[in-house]
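The tour below moves from one selection to the next.

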Amino acid sequence: MKQSGQSRSPEVAEQQVRRYVTDIAKHQSFQPFVFMSNGDRTFFWDVDRENKRQIA
């Protein structure tokens, strides 16, 4: 278990997530939504439609 202060914010990976979603959407008829997590906090994100939402 990580100690507090050692984990990174899930938002750090935001640009990487955008690239993944864009690349995946090129190969199918829709753009997927994503979950971003650092193990402590998890966010649901529909990249082009809404802001990230922290989920339980």
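What follows is a series of selections in a predicted model.

**The core.** Begin by selecting Val17, Val21, Val34, Met36, Trp45 and Val47; these six residues form the largest nonpolar core. In soluble globular proteins, nonpolar side chains tend to be buried together.

**Valine 34.** Keep valine 34 selected and show its surroundings. Leaving aside residues up to four places away in sequence, valine 34 is in contact with Val17, Val21, Phe43, Phe44, Trp45 and Val47.

**The two faces of strand 1.** Which residues of strand 1 lie on its covered face, and which on its uncovered one? Show the side chains: Val34 and Met36 are on the covered face, while Phe35 and Ser37 are on the uncovered face.

**The hairpin.** Pick methionine 36 and look across to phenylalanine 43, its bridge partner in strand 2. Then move to the four residues between the strands of this hairpin, where glycine 39 has a positive phi near 95°.

**Glutamate 14.** Finish in helix 1, at glutamate 14. What does glutamate 14 touch, not counting residues up to four places away in sequence? Its contacts there are Met36, Trp45 and Lys52. Draw a distance between the side chains of glutamate 14 and lysine 52 to see the polar contact of 2.9 Å that joins them.

How values were computed: Residues are numbered from 1 along each chain as its sequence is written. This is a predicted model: local features need pLDDT of at least 70, side-chain atom pairs count only at pLDDT 80 or more; totals for chains, interfaces and linings use all residues. Side-chain values use heavy atoms; hydrogens and water are left out. A nonpolar core is a set of buried Ala, Val, Leu, Ile, Met, Phe, Trp, Tyr and Cys residues joined through side-chain atoms within 4.5 Å. Buried means under 20% relative accessible area, exposed over 50%, partly exposed in between (1.4 Å probe, protein chains only). Contact means heavy atoms within 4.5 Å. A polar contact is a pair of N or O atoms within 3.5 Å; within protein, one must be able to donate a hydrogen and the other to accept it, and residues adjacent in sequence count only if both atoms are side-chain atoms. Two strands pair if DSSP finds at least two bridges between them.
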